[in-house]
Every structure is written in C-alpha cells, then in structure tokens.
Amino acid sequence: MAKQYYSPRNLKFLLHEVFNAKELTNLHHYKDHDNASFDMVIDAARQIADNILHPAYIEMDTNEPQLKDNKITVHPAVKAYLKAMGDAGMIGATYSYADGGQQLPNLVQVAVSYILSAANNGATMYTGLSAGAGRLIASFATQELKDKYLPKMLAGTWQGTMGLTEPHAGSSLSDITSSAKLTETGAYKIKGQKIFISAGDHDCAENIIHLTLARIEGAPKGTKGISLFIVPKFREENGKFVDNDVITAGIYHKMGQKSTPAIHFIAGDKDNCEGWLVGEANQGLKYMFQMMNEARIGVGLMGAAIASAAYYASLEYAHERPQGRSLMEKDAKNAPQTKIINHPDVRRMLLLQKAISEGGLGLTMEAARYADLSEASANQEDKEKYFLLLDLLTPIVKTFPAEHGIRSVSEGMQVLGGYGYCKDFPLEQMARDIRITTIYEGTTGIQSQDLLGRKITMQNGKAVMLLAQEIMQTIQEATAFDDLKKYSETLQKELGRLQQVIQHLVPFAMKGEYNLFLADANLFMELASLIVVSWQWLKQAIVAQKAILSNNPQGDELSFYESKIHTMKFYFAYELPKTKSYATRLLDTDVLTLTTEKELIF
Amino acid sequence: MKILVCITNVPDTTSKIEFIEGNTKLNTASIQFITGPYDDYAVSRAIELKEQTGGTLTVLNVGTAETEPTMRKALALGADDAIRINAEPTDAYFVAQQIAHIAKQNNYDLILMGRESIDFNGGQVHGMVGQMLNIPSLSPVMKLDLEGNTAKMLREIEGGKEYLEAQLPLVLGCQEPIAEWKIPNMRGIMSARSKPLLVVEPASPEMLTAVSVFSLPPAKTGVKMIAAEDAASLIALLQNEAKVL
Ligand SMILES: Cc1cc2nc3c(=O)[nH]c(=O)nc-3n(C[C@H](O)[C@H](O)[C@H](O)COP(=O)(O)OP(=O)(O)OC[C@H]3O[C@@H](n4cnc5c(N)ncnc54)[C@H](O)[C@@H]3O)c2cc1C
C-alpha cells in the first residue's frame, strides 16, 4: 500500500502559514497553547496513525464486524486505537478543562482528525462519535451525569453514539416516535428502535452510551416535542452494571467504512430500558442542531482526508507506471514507454485531485477557525460574526469535500487504470469508503436546502454579506501581486454572479413559492461551492506568492509554493467556469423537476 | 536514580533529502525533523525506569535552537528537565565531549542514548562518552532492568544475543525492543511548556572532522510490471538489468 497518505508540509502550510494558528493563542481560552504544543499534538496523531491506524486500514475492511448471539465483534485494532486516543487525551482535546479536555482549538483538532482519517477513515468514526456524544453531555447535561459518563467516554473505555435515525425517520427527524416515560426515580423508561447507529455496539468498549432522541409522553408533535436522553447499554444499579434492555437486532452490511458497525437496536423490548434526560425536556432537536456544525465539519473533513489518501496513492503510481509514449514522441516505435505522469490527461486527473483535497481541507480549516473565534473571541460582536460565518459555511464544508471527494477518488482510481479497480491497490476501498459522506449527517439534498433555504436568508442575508466581505478582503490582497491580479478579478466577477442568483431566488421565498426557491438547491450548492473553494485557493496562492518573494525558498520548498499557485490556476481554469452553467440553470424559472409528472419517469 | 538521555534531532525517514549550496548543506526547509528513533526507545525506557525508581530524568541534545521542539516532546513524554548545548552536532567526538562535560557535573547513574543516530549513523558517541567518564559503555542494548545498583541487560552481538550484568553508572546505546515508543498525551504536552529547558554554550569547541561535500545515491528508476505467470522475463531482468542474479 502507498506509504504516504497525507502531506505534513501541506498541513504545516495551512495551519501556520495560511490560518496562523498561533493567533488563536492570543485569546484567553487558548492562551495555554503555543505553536510547539500544536505541532506536538499533530505529531502524536501521526504516531497513532502510522503505528495503529494505517497498517490496519485494509484488514479492517476485509474482516468486517460480525454479529453473533446479539454481540458484535470488531477488529482488535479498534481497542488499541481507542486506548491510544484515550491515553493521549485526544478524544476530548477540544473540551474545556472543566469537562476533562485541554481547550485545543478546533483548527488544530481538524488537522489531527485529518491525519487520522487519511490513515484509516472508518476507524475514526469510533472516536468521532464518542467526542460528539460526549460534547452533548458536556454542553447540556447535569454535573452528575457529566461525572458519570464523560471520564470513561474520553478515556476510550466507553463508546458514545448518536441515536437519531428510525426506520421511518431519517432526513425528517421530526417524525421520530421512540418514547420516554418518567419514573419515580427520575429516570425515564425508553421504548423504540433506532437504525443505522454507527459504533452502536462492539466488543472493544465496556459500555455503549447512546445519545438518543425520543418523545416524552404527551409532548407536542413535530420538532418541538423531541427530547435528548442518555441511554446506556449497561446501567449502574447499586454499584453494579446491569443489562439495560438495549438489544442489537441487526447489523448492516455496508458498501464501505466496514471497520465500523452500523446497527439496528431495539430499546425497551422487555420494558426495562432506562434513559436519563439531557438538559430540558423538548429541547432535544435544538441541542442536536447546536452540535451539528461540529459533526458536519467532521464529515466534510473525512471526505477531504480520503481524497488526500487517494491522491497520494495515485500520485505514487503515476510516477512509477510506464505506459505509452509522449504525444510529441517522433520515434514512437523505438522510444521506451514514458511514465503515465507525463500524459497531460493523467496530470489533469492528479491536479484535480490535489485541487479538491487541498482546497477541501483549507475550507474545513477555515470553518474550524471560525468555530474557534465564535467560541473564544473577547467581544460579542466578533462572536456573532464568526458564528454566522460558521453557520453559513457548514453545509458547504459538509458537502463539497464529500461530493467532490467522491469525484476525486474516482479520478485517482482512473489514474491506476485496471489496477485501480482491483483489491491490489487501496483505491477501490477508498472509493467505497468515501461514498457515505454525502449521505450521513444530512444528505446533500438536505444540506443544500439548509444552505439556500435557511443560511442564505438568515438575519436578512447578514451571513452572506459577511462572507462576501471576507472574500473581498482576499481579492484585494491578491491584487497587490501582478501574477494573481487576473484571478482576483475573476473571483470578483464570480461573486457578482452568486449575488445575482441569490437576488433572483430569494424573492420566491418572500412570495411563499418555496418550490421555485428550493427545487434546485443542489445546483445552488454547486455554484456556491465553486466560488468558496476558489476563494480558498486564492488565499493559499497569496501566501505561497508572498513566501516565494520574501523567503527565497529553494529546491522542493520552492516547488511546494509554486505547486500551490499552479493548482490555484488549475482550479480557476478547469472548475470555476462551471458556474456559468449552474447560474444559467438557476436563473431560468422553467424548473423541469417541478413540472415532471411521476408518470413521465419510468 | 539520576538518568540522562541524550537525544538527536534527525530528518524523518520519509523526508526527501536534498542538498543545496553546492552540495555542502542539507536543505532543511522542507524536512520534517523527529527524535532519533533509537533515542526514542531510550527515552521510553528511561521514563519507565524513572517511574519505577522515583528518580529524575534529564534529556540532553547538542543542537541549535531548531531542535527545541524535539526536546519539548521528551519533556511532554515525562522528562523533568532538558539541557540544550548550543552547537551544530557535526562531529561525534565533539558531541561526546559536550555530553561528558555535563555528565561530570551531575553524576548521573545511567546515561542512555540510541545505538546510533539515523542521519550519519556513526554509532560512536556512547563509546566515547564511556571512555571520557571512565565508566563502562554497552551497545546495542535490547533489554534493561535495574535491581538496586545492578543493571541486567540483553545485548545483540554478532550472530546472537548475550545477557549481561553491570554496576551503575553506565552508558548504554539502546535499540528495540527495550521499550515501546510512547505517545505524549495532551496533559504532558501542556505541562512541557513550564518545565525547565536550559541552554548552555559548548564547553570546548573542538571539531575533529567536517563534511566537505554530500552526494546522493542514484535516483530510483521506474517500476516494471511483469505478469505473475511470466517468471522468465523477471529472471531476465534481474540478470541483465538489475544484475543481482
Ligand atoms: C453507514 C451509515 C451510518 C449511519 N450512522 C448513523 C448514526 O450513527 N446515527 C444516526 O442517527 N443515523 C445514522 N445514519 C443514518 C443517516 O443519517 C440517514 O441515512 C440519513 O440522514 C438519510 O436518511 P434516510 O436514510 O432515511 O434517507 P431518506 O431521508 O429517506 O432520504 C432519501 C432521499 O430523499 C431525499 N430527501 C429526503 N427528504 C427530503 C426533502 N425534504 N427534500 C428533498 N429531498 C429529500 C434525500 O436527500 C435522499 O436523497 C447512518 C446511515 C448510514 C448509511
């Protein structure tokens, strides 16, 4: 298998040179950190990835979890991984000191998760879910519940899960029917079924803690009647752990990310399942949504990470595989074969992969930085500003690296030709693994409606205005460099195009014509993504250009910076022009999907 | 128990090595530096011994300011303090002199280091330090246990292994499986910031050797794919091209 799955140099570039992680340490919340501590955390992640995760990547796919006698066994590397992450204090590193964390900025956490995910994306589900479930407890539960659950979840001995989906309620969570009834002990009797619950049961954790959505008896219908509960697999009674009537009814046989079981569980079949309310009654969905930005950024990041691993695997192959002759070879019969990296079409595929994976990673880190600034900025105005920016970017961060990551991995497979399609190389596994990222944590359809239907219009478009200001700042910076001027002008025009489309669509919402407003939300997502990712590339190119002009880099270092500028140019030349076709479609009121009768689809 | 571990700051093995300035200097800009892997074993075992004996652990590096992240990592793993001797470690004798100079002032019971650094792979420093301090030095040590003042060791020798016992103080060059590499935890990383890192100037700046020019091995050539059933072509290539048969 390819040795390289990410570029430490690129990570350093993004973390320190583009996003200036050190700046965050000026904020009180992060004051105990410095660049050296950030680098050490990243190095610790690399060690875990190199020693535990990467070597087990293929094996965990081949030996998928097994369900026998209602028990699930998973690959033993899961245990080693959970222990290493728990011992290193990395599961809840971003949590506050009071909740058992080390107040690590999300920006650095993204770098950590990126390394781990690039090494073995499926395995990181275990820790990602514990961190997400724990975060709900840390944010909304009582101190007593925190004390009971957090230390073990953060140590990696108990597994956290997200128990949202039910057989008839996936995208539409307001339709869940799991129920909860208060008992005299203060606990609730829980009854219901959950499906697709990742890491929902396995033998490498001593207990499974489901953060479960359910309705308290008599609660209002719809979203306003959903509460959040802690439902453990084993509950404590008189100092002993007893079965809590949560039965694993089935395991899904998935296309990818096979290292992590997705299960179907039934709670309260024997009327003996207890759950504990987190926060206030009927606030469950609100709590979940507050935490969703983090989980969604995590999924987008996973897309970028898998795309990165696929890029390095196909790059290595392209350097080594001789096939065919150069288009300009005059003596084709006698000339030796050339390496496939010398074919322009292979270079196109490689550049596209680089543009998507590094652009996607940059975008994810930008969102993480906004999350840090919204959490820790000293004044309220900044907090709000960065929260709005984060909220606006989140659906794009979830979607772009996922949708385009799939494309990117597919191009990676194409670089390997027939070998790419076979198990001899990891590309086919990566192609299967990344596919889920557009489905869970809200499908692309749902993200697109969130972007256009909620985020663009919130506070009368304030978030879009703030984002436009951020993009304009980059555009202005770029004009200072002769070589980048052309691209800054292009981006400014594209920003105008986005505004034109928004101005065309929003009036439909004001007239209550939501059909016309949101029918092509997915295409709007594509349009917005192209512009936002181009902005990220221009940002990276500015930093590279500055470094070339002022640091006199040599050899590989110079090539590194030049490749950043070149990839920016590639993205602007090969991808960005696609905005025109999206805009043409979005500005046309003749929306065919609205007029297509069911009978016309057969 | 006072333990000193000497660590090197070396390019990661996956780094692409490139020379600049007429092949006289390593291009460090694009290189990821790490603790020498053998030194990492020494640090890991030293931490375990420190915990067992309730002793102290100092790490030392002869190097310029750029090596401080490597020292901070050792502090994060559990060392109590660090000493950096502010000089380029280009000559083994010079480095050994610096270590011996510090060791003479501090009376360490145990001085550990890697069996060799992975940049120049000299493997000489532990022997020289032992000589300079007039105490035994052994390498490569694969196992180390302490019973009071006695060190029980397993050492790799030509064609086999030997079990040894010796009295402290000792200088040892370590290799796997003396301990498993440790990963610093978040708490350790945060507390490393407040642990002392002393910078001292070199004692007697005497260099006996200097590198005049580097050269790289020939670049790797392309891979040839041969079908599994076509052993004849493989043999022909191994004979005629690779010339290994
Ligand atoms: C491997 C895996 C792991 C998972 N892990 C978890 C987990 O840990 N916890 C958990 O709770 N859930 C988990 N899920 C569930 C996942 O979040 C849901 O599958 C997802 O939200 C989609 O729901 P659904 O499958 O019911 O599809 P549906 O909601 O039925 O969607 C089907 C299609 O219809 C579209 N659609 C639906 N509603 C609308 C609408 N209003 N407007 C436009 N289009 C719409 C969707 O975009 C999609 O294309 C997991 C799923 C999988 C496959």
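The shell around the ligand has nine nonpolar, nine polar and one charged residues; here Ala, Val, Leu, Ile, Met, Phe, Trp, Tyr, Cys and Pro count as nonpolar, Asp, Glu, Lys and Arg as charged, and the others, Gly among them, as polar. This is a predicted model, in which local features need pLDDT of at least 70 and side-chain atom pairs count only at pLDDT 80 or more, while totals for chains, interfaces and linings use all residues. Residues are numbered from 1 along each chain as its sequence is written, and chains are lettered from A and ligands numbered from 1 in the order in which they are written.

**Ligand shell**
- The ligand is surrounded by 19 residues, a residue being near if its C-beta atom, placed from the backbone, lies within 6 Å.
- L164(A), G170(A), S171(A), F196(A) and G445(A) are the closest.
- At least two shell residues each come from strand 3 (158-163), strand 5 (188-198) and helix 11 (444-455) of chain A; helices (H or I, at least four residues) and strands (E, at least two) are DSSP runs, numbered from the N terminus.

**Strand 5 of chain A**
- Eight of its eleven residues are buried, so strand 5 of chain A is largely enclosed by the rest of the structure; buried means that 20 or more other C-beta atoms lie within 10 Å of the residue's own, with C-beta atoms placed from the backbone.
- Strand 5 of chain A pairs antiparallel with strand 4 (residues 179-182) of chain A over four bridges, where pairing requires that DSSP finds at least two bridges between the strands.
- K181(A) has K189(A) as its bridge partner.
- Five residues lie between the strands of this hairpin, and G186(A) takes a positive phi near 100°.
- Strand 11 (residues 262-267) of chain A is an antiparallel partner of strand 5 of chain A over five bridges, with Q193(A) bridged to I266(A).
- Strand 12 (residues 274-277) of chain A also runs antiparallel to strand 5 of chain A, joined by two bridges, and Y188(A) stands opposite G275(A).

**Sheet of chain B**
- Nine strands of chain B form an open sheet with mixed pairing, in the order 11-10-9-12-8-1-6-7-13.
- Strand 11 (160-167) and strand 13 (197-200) of chain B are at the edges with a single partner strand each, so one side of each is left without a neighbour in the sheet.
- Neighbouring strands of this sheet are turned by 30° against each other on average, direction ignored; axes are lines fitted to C-alpha atoms, for helices over the stretch in contact, and angles run from 0 to 180 degrees between N-to-C directions.
- Strand 1 (residues 2-6) and strand 8 (residues 110-114) of chain B run parallel, joined by four bridges, and L4(B) is the bridge partner of I111(B).

Key: Buried ≥ 20, exposed ≤ 12 C-beta atoms within 10 Å, placed from the backbone.
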